Amino acid sequence: MSPNANITIPEPKSRMLQVFAFDPSLSTDLDTAVINKLTLNIPWEKLESGPVGEYLEVVDIDPPSGNFYPPVDLDHPHLLVQDGLSPSEGTPQFHQQMVYAVTSKTIQNFELALGRRVLWSPRKQNGGEEFVQRLRVYPHALRQANAYYSPHKKAILFGYFPASKQNAGRNLPGGIVFTCLSQDIITHETTHALLDGLHPYFAEPSNVDVLALHEAFADIVALFQHFSHSEVLKHQIARTRGNLSSENLLAQLAQQFGQALGKRRALRSAIGEKDPETGLPDPSKIQNTREPHQRGSILVAAVFDAFLTVYKNRSEDLLRIATSGTGELPEGAIHPDLVNRLATEAAKTSQRILNMCVRALDYCPPVDITFGEYLRAIITADYDLCPDDRDGYRIAMIESFRLHGIYPSNVRSLSEESLLWLAPDNDHVLTNFFKSNQFSRLEEIHKFERYQKRRGETRKNIFRFNQAFRSTVRKWMTDELIEAYQKEFDRESDIEAVIQDSLRLTLFSKDDMQSVYIDDQGRPELEVNSARLAYRVGPGGRTMTDLVVEVNQRRHGYLDPNRQAKADNGTLDVDKYPGDFTFRGGATMLIDVETGDIRYIIAKNIDSDRRLNEQRKYLGSPATSLRYTYFGDPNVNYFHGVEGQGEPFALLHGDDLEED
Amino acid sequence: MSCHEKEKKLCHEKENKLVELKVRMYRPGLGDCFLLTFKNDEGNLYRMLIDFGVLMPTTGGADRMRTIAEDILSTTGSHIDTLVATHEHWDHISGFRYARKILGLHPDEIPEQPLQVDRVWLAWTENLEDPQVKEIIAPNLEARSLAINAAMVGMGVERSTRIQELLRFDGPDEEPDELLGARKKSGGTWLSQIMEDLRSGWGTPEYLEPSSESQPAKSVKEIPEFGIKIYVLGPSRKMRQLGGEQDPSSETTHGLRLNQMTAFMAAAFNQIEDTQTALADMRISQSDINQLSRLSQPFDRSRAITIEELEKACQEEDTGEEISTEVQSFYKEHYGLSKDKDSKDDWRRIDYDWLRISESLALQYVSHVNNTSLVLAIELTESGKVLLFPGDAEFESWETWENREVKDLQDLFRRTVLYKVGHHGSINATLIEGGLDKMTNVDELTAMIPVDKVRAHRNEWNFPAPSLYEELEKRTQGRIILNCEDSECPTCESSYDMDKFDEKDVTIIEDESSDKLWLDYILKL
């Protein structure tokens, strides 16, 4: 009987690839030898050698050594059946496999949380935007203890270096440490790239929280992605007897990194420092911490403490059962069933926290983000997903942020209701703008929605369609919206007064704000920098869709307030004497695609003297390091063109580079 | 026995009273030069010159150094008791080169009245025979310097301008001024030649350190004839940057341990074509570098294809025996040959990115040398007042200051009345917490900052740092003397506010001549 030649074999949904669970140095420590291997489940895609796929291309060139390492072909049948190459420090092809696997995993988590495909930040070229298909990954690009995502090259560069002879920790003294073999570092840098793709203006240093948020977010994703591996969790929970707040492997980010540099503890500990007496963090610490990594770690600590609170609550009943109410576990190892249940609780909780933090990105203002606003974004995004905070996630977040000294401004209290974003209730023109079927805007939005939800559409086309739609929205905002306002109000000043509370932008050129950039038609320039779909759960558990639109404007900003005043009132020619920095305002709107209701508007006022002064102060603040003394403040240099921008997303910045 | 004879031992004969102290701050531009004159009750004078340098001479600046040298000669009658060179930076010792002939350091052309110096004081870090210097400090600095220079070659002139500016502290590469006469000896830097002059021009120098167990005279100098006692506070051997935590005898390659910096250096060195010249006069040898290179290879040789071979194969359209055609086409498509500068993905290449760390290395290099500064606290025995001259010591040095005879460093700070601000007022050459904030003599403390603001701003350097300046104003109640502030430097005037000084204790006189060479701060006792 001949085999049926017409059977079509379906494509696999996933590909299994082996990676190091922790930094390879730990293999020499018997305690963790058992678990330093992990098999990741990556979405299936056809791969070319590299590997090169839909989102990534791994190019293994090593300029310091003058070498090139041949690319691995993960579609080779031998590798397909063995879950890829076995973990090996000495095989460059395994390194290529590992960076591909962990990066892909991170991308997958993002797409799951956001419900849409991710796009890398486009290349700004000739005044336009060029689609970037793939993120470049260089596993052995630098000979130093560092790694970074380069927003200019849309690439991640990983470094390698000899372990310090003294204090090598678990590394072999003098052995080579590869940052591309650390899941934490790979995830951290990939997250910078993903966030940059979603919010390119979050790289613009307009206040002390901006770069810190980038670092914190990258750490948060790395940390909680780690927790999503239950085998690793089980071992850890057994070791700490269920108490995850003691120092432990999981919460030490980039552990190998720090150890190899000669520091015994990891570079940044998410657990943070607590007062030995009260067990509470120091809420004033954030006021004195400005360096992005350090400031970011306070935010990470806040999120981690929230996770611990929820985990403890959820595991309380388990511990009650296991200890018959005494709360004291018996000596020795805890029961494996208990370990499993605790691991499951921890994994679930961390997955939820991770989702909360990622979803929040759709509820942020387009520019000048602050920690407080990020908290409001987390709360609002989670409320949209799960109106009833039965498990107390939101309360835990609010409380934990408070204990760490992170407060949103302009809210009446720290209750959940006060922290939710608001709809533009006092601006009827705006509120009705997307609703009116008469002008077929809602129809356009539905078209956009249908296109975005189409399966099998290439990301390039999604990007192109996206660009076209943004252009359409821009015309709406600059032409039709103004007309709508003019129909409703007689005077420009009335219109401006209404917009002050809603969009907080300026639609007309003003005599006292001539520092605003204007377009070719002499009107204040307006950029629609993003349009995308976000999902939430509505009444009855139905999935609902929002259109997220981000618009922004910019002004010339001057470090000297006198020059600023002159630019604003028109006595300084801004074309001849452009600003020292760019000051932006903008608004994010979440629009229900079914009804056209603007559910939330999150705006930063283009006319805000307070924000302008803050940015001025931030950029003019005294330099405190040798580097700044000679090379200038990189934040100020950021606004002076690409050459001055350096690399803002390095794992370690210049002054931290240790010598031994 | 007169104390003016060239003796290693200082006299302990008589104790005299100090009646006047004059600190002359010369004004070379962005540089240090201080002439201290102590007068005792018998009318005798003790003169100490601390540093003599300028960073980059402004137009006519080399001439200015010579004019200053002449002034030093005439003021001191061509005789100085003690000459101090705090550290090897151009802005502290270049004057000894510019005014070489006048000072009598030129082997062939000695003037009628060369400068006579009784003793030269250097920090122990300048003693080439010292084990910690030989085994750790010198090789480290050498390696670092090699790394930086190699990286600059690799990056090209345009990409490395920031480093070039920074390396001015190391002196110029070329002959800066034809009036200097004899050309630089082959190999070696200008700095090392100046140091050679200082080590031999006036007898063997004394190498001082804060806590010498075997030779206490290296740490404390008593000059009872003038009622002064000089404490050496730094540099400390314990400083991490100077290898304090390392055992000099541990296994190394000429003192070169394999670490991030040396691994980088070994790689960067490949950028250099003329390796012989680069290594001339250095202790590090090609074989040292080869060994480091071998040890820092990330993978076994068999795993790698050199970029050179790969590019050759691609260009010659090799049949793929050595390097497979798949690898060749992958390389061409995803990275591109270096000659195809307009390949579509050229903007994503990373040929130079790895070299950028050299900027950090350059900063660390400047910092290391700054921390080798000799730090002197001059105590006026009777009144207890202290003058602090820390060279350009940075935070790490400040934090390790000590002296075998000083139990309480804070007490010294408390009694400080004159503080020569380190490194032209840069933010990290003055430790505030634990340093400046212990200088609590609010009624008398004066700060002197040898800075040329214009030159600094031209290089976009932040001297003096505004936040530091604020602190200094607080502690000195406005008694800050700046070398100059005007855009007309260096012929402008020094800047200070006479109202803030108590005329009973302090007189300030400026050079009336058109050159405006100096400012005198005279303390009455």
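This is a predicted model: local features need pLDDT of at least 70, side-chain atom pairs count only at pLDDT 80 or more; totals for chains, interfaces and linings use all residues.
On the side of domain 1 of chain A that touches domain 3 of chain A, the residues divide into eight nonpolar, two polar and five charged.

## The domains of chain A

The domain assignment of chain A gives four stretches, namely domain 1 (14-198), domain 2 (227-419), domain 3 (428-608) and domain 4 (622-660). The C-alpha centres of domain 1 and domain 3 of chain A lie 37 Å apart, while 15 residues of domain 1 of chain A are in contact with 11 residues of domain 3 of chain A. Between these two domains of chain A an area of about 1200 Å² is buried, and carbon and sulfur atoms give 50% of it.

## The interface of chain A and chain B

The size of an interface is often given as the accessible area lost when the parts come together. For chain A and chain B this buried area is about 5700 Å², with 56% of it on carbon and sulfur atoms. In chain A, the residues that lose the most area to chain B are R143(A), Y630(A) and F631(A), which together account for 15% of what that side buries. The contact draws 65 residues from chain A and 59 residues from chain B.

Two salt bridges are found across the interface of chain A and chain B, one of which joins R348(B) to E57(A), with the closest N and O atoms 3.7 Å apart. Across this interface there are also 15 residue pairs in polar contact, both residues being at pLDDT 80 or more. Several elements of chain A each supply at least two residues of the side that touches chain B, among them β3 (56-58), α3 (92-114), β8 (135-142) and α20 (626-631). The largest share of that side, six residues, comes from β8(A), and the residues of the side as a whole divide into 31 nonpolar, 18 polar and 16 charged.

Technical notes: Residues are numbered from 1 along each chain as its sequence is written. Chains are lettered from A and ligands numbered from 1 in the order in which they are written. Side-chain values use heavy atoms; hydrogens and water are left out. Contact means heavy atoms within 4.5 Å. Buried area is the accessible area (1.4 Å probe) that two parts lose on being put together, summed over both. A salt bridge is a side-chain nitrogen of Lys or Arg within 4 Å of a carboxyl oxygen of Asp or Glu. A polar contact is a pair of N or O atoms within 3.5 Å; within protein, one must be able to donate a hydrogen and the other to accept it, and residues adjacent in sequence count only if both atoms are side-chain atoms. Helices (H or I, at least four residues) and strands (E, at least two) are DSSP runs, numbered from the N terminus. Ala, Val, Leu, Ile, Met, Phe, Trp, Tyr, Cys and Pro count as nonpolar, Asp, Glu, Lys and Arg as charged, and the others, Gly among them, as polar. Domain bounds come from an automatic or database domain assignment.
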